[in-house]
Amino acid sequence: MTEALIVIDVQNDFCEGGALAVPGGSDVVAPINRMMEEFSTVILTQDWHPAGHSSFASSHPGRSPMEVIEFPYGPQVLWPDHCIQGSKGAEFHPDLRTDGDLIVRKGFNPAIDSYSAFFENDHATPTGLEGYLRTRGIERLTLVGLALDFCVNFSAVDAAKLGFDVTVRQDLSRAIDADGSHTAALAGMADAGVILA
Ligand code: VGL
Ligand code: ZN
């Protein structure tokens, strides 16, 4: 079975000192670099928002980061401004190896957030990653990166629903853990048939 490593959002804004820092975010960089050597196909994702993105609390007067509001596609967490296209915060961590086969950018649609590497948060608009994997005959995926409870979680669940054989390496991922989201994400991934290693 052909397999790929998918490295989710290991970007400056999700590491210490970044706009949406995930505790221990930069700890995963060195072990992920080592893990890349074990895979013939490596794919990286990059959260990539235009300024004024609808997922930013700053785009909703009177709202604060981490509040949840109703969007046309369901509840949406409002985030601090992060991963703005072309900014330092949107760049990959400077020590991360970025010589993978494909970089998937997501979250560029101003009206829809995109946690998953496969579908935007409307659960309908595809990123194209599924087609890329299928046309390359890739069936088995290992996911690592940031944040475990958001982008890794949504990507893993979507991949499992699409029929891929999915493993998430918890030791190579870190969670934001907003309001119990870490525990909920682990349960949701296990329910979807994701192997939590
Ligand atoms: C992410 C929140 C907002 C992530 C991206 O990479 O997990 N989380 N944008
Ligand atoms: Zn984002």
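This briefing covers the sheet, a helix pair and some salt bridges. The model is predicted: local features need pLDDT of at least 70, side-chain atom pairs count only at pLDDT 80 or more, and totals for chains, interfaces and linings use all residues. Residues are numbered from 1 along each chain as its sequence is written, and side-chain values use heavy atoms, without hydrogens and water.

**Sheet**
- Six strands form an open sheet in the order E5-E2-E1-E6-E7-E8, with parallel pairing. Strands are DSSP runs of E, at least two residues, and helices are runs of H or I, at least four, numbered from the N terminus. Two strands pair if DSSP finds at least two bridges between them.
- Strand E5 (102-106) and strand E8 (195-196) are the edge strands.

**Helix pair**
- The axes (lines fitted to C-alpha atoms, for helices over the stretch in contact; angles run from 0 to 180 degrees between N-to-C directions) of H3 (residues 148-161) and H4 (residues 181-191) come within 10 Å and cross at roughly 10°.
- H3 and H4 are therefore roughly parallel to each other (angles under 35 degrees).

**Salt bridges**
- The structure holds 12 salt bridges (a side-chain nitrogen of Lys or Arg within 4 Å of a carboxyl oxygen of Asp or Glu).
- Aspartate 9 and lysine 106 form one of them, at 2.9 Å, N to O. Aspartate 9 lies in the loop between E1 and helix H1 (29-36) and lysine 106 in strand E5, so the pair ties together parts 97 residues apart in sequence.
- Aspartate 9 is buried at 0% relative accessibility (under 20% relative accessible area, 1.4 Å probe, protein chains only). Lysine 106 is buried at 1%.
- Aspartate 47 also forms a salt bridge with lysine 106, with the closest N and O atoms 3.0 Å apart.

Terms used
Chains lettered and ligands numbered in written order. Contact = heavy atoms within 4.5 Å. Parallel < 35°, antiparallel > 145°, perpendicular 65-115°, else oblique. Buried < 20%, exposed > 50% of the residue type's maximum accessible area, 1.4 Å probe, protein only.
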